[in-house]
Amino acid sequence: PMPTPLARFVVVLVAALATACAGRTLVVASDLANPPFAELAEDGRPIGRDVEMTEELARRTRRELRWVRMPFDRLLESVERGDVDAAVATLGRTPERALRVRFTRPY
């Protein structure tokens, strides 16, 4: 059977982040403003498909997960500076962006 999108996402990100996140909290930036992928519930909790996949990644790597909400146009610079471990948003892969940060395979 074909792996699910969740399984592909987790496998790629586990490989990319396991070393960077060893022994510490996984800090993930998102604008949390793009339903149904990532948004805030009425109680302020992050929800959505990308949120669920990132939570699964944290669970599988035995890391605490901390979301950092920020404007979309600041996501890549926060990864570049090392302020966060990853950005989870609908960031399309472009040649310009690929020069700045590493992308997972599309899912």
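Buried residues are those under 20% relative accessible area, exposed residues are over 50%, and partly exposed residues lie in between (1.4 Å probe, protein chains only). By this criterion, 36% of the 107 residues of the chain are buried. The structure is a predicted model, in which local features need pLDDT of at least 70, side-chain atom pairs count only at pLDDT 80 or more, and totals for chains, interfaces and linings use all residues. Residues are numbered from 1 along each chain as its sequence is written, and side-chain values use heavy atoms, with hydrogens and water left out.

Confidence was examined next. The score used is pLDDT, the predictor's confidence in each residue, from 0 to 100. The chain averages 82. A score of at least 70 is reached by 77% of the residues. Among the elements of the chain, strand β4 (residues 46-47) has the highest mean pLDDT, 97. Helix α1 (residues 5-17) has the lowest, 54. Where pLDDT is low, the predicted coordinates should not be read in detail.

The chain contains four helices and six strands. Both are DSSP runs numbered from the N terminus: helices are H or I with at least four residues, and strands are E with at least two. Along the sequence the elements follow the pattern α-β-β-β-β-α-β-α-β-α. Contacts are defined by heavy atoms within 4.5 Å. Of the contacts in the chain with a separation of 6 or more, 62% join residues 24 or more positions apart. The accessible surface of the chain is about 6700 Å². Carbon and sulfur atoms contribute 54% of this surface. The areas come from the Shrake-Rupley method with a 1.4 Å probe; for residues, only the protein chains shown count as cover.

Strand pairing was then assigned. Two strands pair if DSSP finds at least two bridges between them. An open sheet of three strands has the order β5-β1-β6, with parallel pairing. Strands β5 and β6 (86-87) are the edge strands, each pairing on one side only. The parallel pairing of β1 with β6 rests on two bridges. Ala29 has Ala87 in β6 as its bridge partner. Helix α2 lies across β1 and β5. The helix runs at about 145° to β5. For such angles, axes are lines fitted to C-alpha atoms, for helices over the stretch in contact, and values run from 0 to 180 degrees between N-to-C directions.

The peptide bond from Pro35 to Pro36 is cis, with omega near 5°. Pro36 is located in the loop between β2 (33-34) and β3 (38-40). Leu32 is not a glycine, yet its phi is positive, near 50°. Leu32 sits in the loop between β1 (26-30) and β2. With a relative accessible area of 4%, Leu32 is buried. Arg62, also not a glycine, has a positive phi of about 55°. Arg62 belongs to the loop between α2 (49-60) and β5 (65-69). Its relative accessibility is 76%, so Arg62 counts as exposed.

Charged pairs complete the description. Side chains of opposite charge can pair when their charged atoms come close. A salt bridge is taken as a side-chain nitrogen of Lys or Arg within 4 Å of a carboxyl oxygen of Asp or Glu. Eight salt bridges are found in the whole structure. One of them joins Asp50 and Arg49 at 3.5 Å, N to O. Asp50 is buried, at 1% relative accessible area. Arg49 is partly exposed, at 36%.

Glu56 and Arg60 form another salt bridge, at 2.7 Å, N to O. These two residues are four apart in helix α2, so about one helical turn separates them. Glu56 counts as buried at 15% relative accessibility, whereas Arg60 is partly exposed at 45%.

In helix α3 (residues 75-81), Arg81 and Glu77 are likewise four residues apart, about one turn of the helix. Their side chains meet in a salt bridge of 3.5 Å, N to O. Arg81 is partly exposed, with a relative accessible area of 48%. Glu77 is partly exposed as well, at 29%. Both residues belong to a network of salt bridges that links Arg74, Glu77, Arg81 and Asp83.
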